[in-house]
Amino acid sequence: MINIGEILLNLWNDSGFATIISGFTAQGGWQNLVMIVISCGLLYLAIVKKFEPLLLCGIAFGCLLTNLPGAGLYNQELWTNFMTEGHAAYHSYGTIMREGGLLDIFYIGVKTSLYPCLIFMGVGAMTDFGPLLSNPKSLLLGAAAQMGVFAAFFGAVCMGFTGAEAASIGIIGGADGPTAIFLTSQLAPHLLGAIAVAAYSYMALIPMIQPPFMKLLTTPEQRKIKMVQTRQVSKTEKIVFPIVVTIFVALLLPDTAPLIGCLMLGNLFKETGVTERLSDTVQNALMNIVTILLSTAVGATMVGSNFLTGETLKIIVLGVCAFILSTCGGLLGGQVMYWATKGKINPLIGSAGVSAVPMAARVANKEGQKANPSNFLLMHAMGPNVAGVIGSAIAAGFLLSVFG
């Protein structure tokens with residue numbers, strides 16, 4: 001005879017509700033509940049406030065899924081035991097494919113750095129390096145804007161993080177989400193969720209974070225400076241550039257070859273004039289698919305027991321400091337170029353040296369127009385902006401070669 005009461009009791013005991021309730025005393029279910037609330041907050045920021053919605057929606061929903069008790073979509077213990085006991089990588093991935101949940105399978109693309117590299121290919125296909133080629137001095141501003149990466153690195157070391165963890169935190173200052181995910185997945189995967197959320201949140205807050213420091217480190221007269229039109233860049237230059245950069249950077253820092261190689265391959269598809277179909281696919285279909293997989297997989301790492309720690313708060317603080325210092329580094333580089341060119345360079349464009357393309361360039365243009373309505377700095381700021389993309393990838397490659 002069927003015992004309805006026993007069936008209902010078993011259903012209740014197997015449910016996530018029972019896990020959460022019992023977890024308040026034994027299993028950490030309160031952490032799952034807090035993370036579910038946090039994921040809903042992130043969804044609010046993405047949908048209502050439009051904070052990097054294309055990525056934050058997936059991150060927030062991945063966080064929601066991974067913290068639903070009993071679903072088994074992401075199993076942290078599988079990744080904790082990854083590559084232990086001398087097993088080869090393919091054996092470990094085989095175990096994950098057999099025993100893991102859906103989000104474990106998604107996360108393989110993060111762990112192998114596949115997703116960040118494909119994102120970079122799409123970024124390359126959407127990037128015009130013309131402003132950088134017309135004014136090569138912009139490379140210096142992109143380099144100056146990496147100051148926050150290394151300042152935050154030393155700050156993290158002083159706060160007790162290991163070298164690998166500090167490197168992963170510092171790269172937030174590069175304002176490049178895929179680069180931050182690429183480096184963190186290699187050096188400190190247990191911090192991936194916190195670092196990804198911090199990186200993309202601060203990128204979305206660029207219009208709020210940067211202007212006060214732009215006004216602090218420049219004078220009203222400097223912000224009014226109108227820059228002359230840059231020269232026209234030939235098609236040959238645009239085709240040769242990604243090839244030369246790939247060869248030089250990959251030989252200089254082999255660890256950054258995956259990122260730089262994919263970035264420049266995507267750009268080559270765009271510039272050749274004979275691969276329009278490939279360029280369109282990389283920019284649209286491939287970019288959208290990988291964004292979904294990447295964001296959801298990153299969100300899956302935000303397990304309550306890992307995320308709700310003092311380390312997360314430190315990462316949030318260090319991340320904003322890194323971002324501010326990178327902005328200041330670019331502005332100080334702009335000041336050096338202003339004095340070196342006897343006032344021909346508007347130092348505002350230095351703030352665009354962080355690699356948040358094209359938002360940082362737009363903010364520089366907006367602040368220039370506030371000081372002088374006839375001032376158009378967008379194309380001038382795009383030079384440092386795309387230089388920052390290369391600069392952050394090189395910084396990541398350097399840190400990976402040291403701590404990887």
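How many disulfides does a search of the whole structure find? The search finds zero disulfides, a disulfide being a pair of cysteine sulfur atoms within 2.5 Å.

This is a predicted model, in which local features need pLDDT of at least 70, side-chain atom pairs count only at pLDDT 80 or more, and totals for chains, interfaces and linings use all residues. Residues are numbered from 1 along each chain as its sequence is written, and side-chain values use heavy atoms, with hydrogens and water left out.

View 1. Cysteine 321 is in no disulfide either, as the nearest cysteine sulfur, in cysteine 328, is 11 Å away. Cysteine 57 is partly exposed at 27% relative accessibility, and cysteine 321 is partly exposed at 36%. (Buried means under 20% relative accessible area, exposed over 50%, and partly exposed in between, with a 1.4 Å probe and protein chains only.)

**View 2. Lysine 226 in a loop.** This residue lies between helix H16 (220-223) and helix H17 (235-252); helices are DSSP runs of H or I with at least four residues, numbered from the N terminus. Leaving aside residues up to four places away in sequence, lysine 226 touches Asn372, Ser374 and Asn375, where contact means heavy atoms within 4.5 Å. Lysine 226 and glycine 368 are 142 residues apart in sequence, yet their C-alpha atoms are 8.7 Å apart in space.

**View 3. Leucine 11 in helix H1.** Helix H1 covers residues 4-14 and includes leucine 11. Leucine 11 is exposed, with a relative accessible area of 54%.

Key
Helix = DSSP H or I, 4+ residues; strand = E, 2+ residues; numbered from the N terminus.
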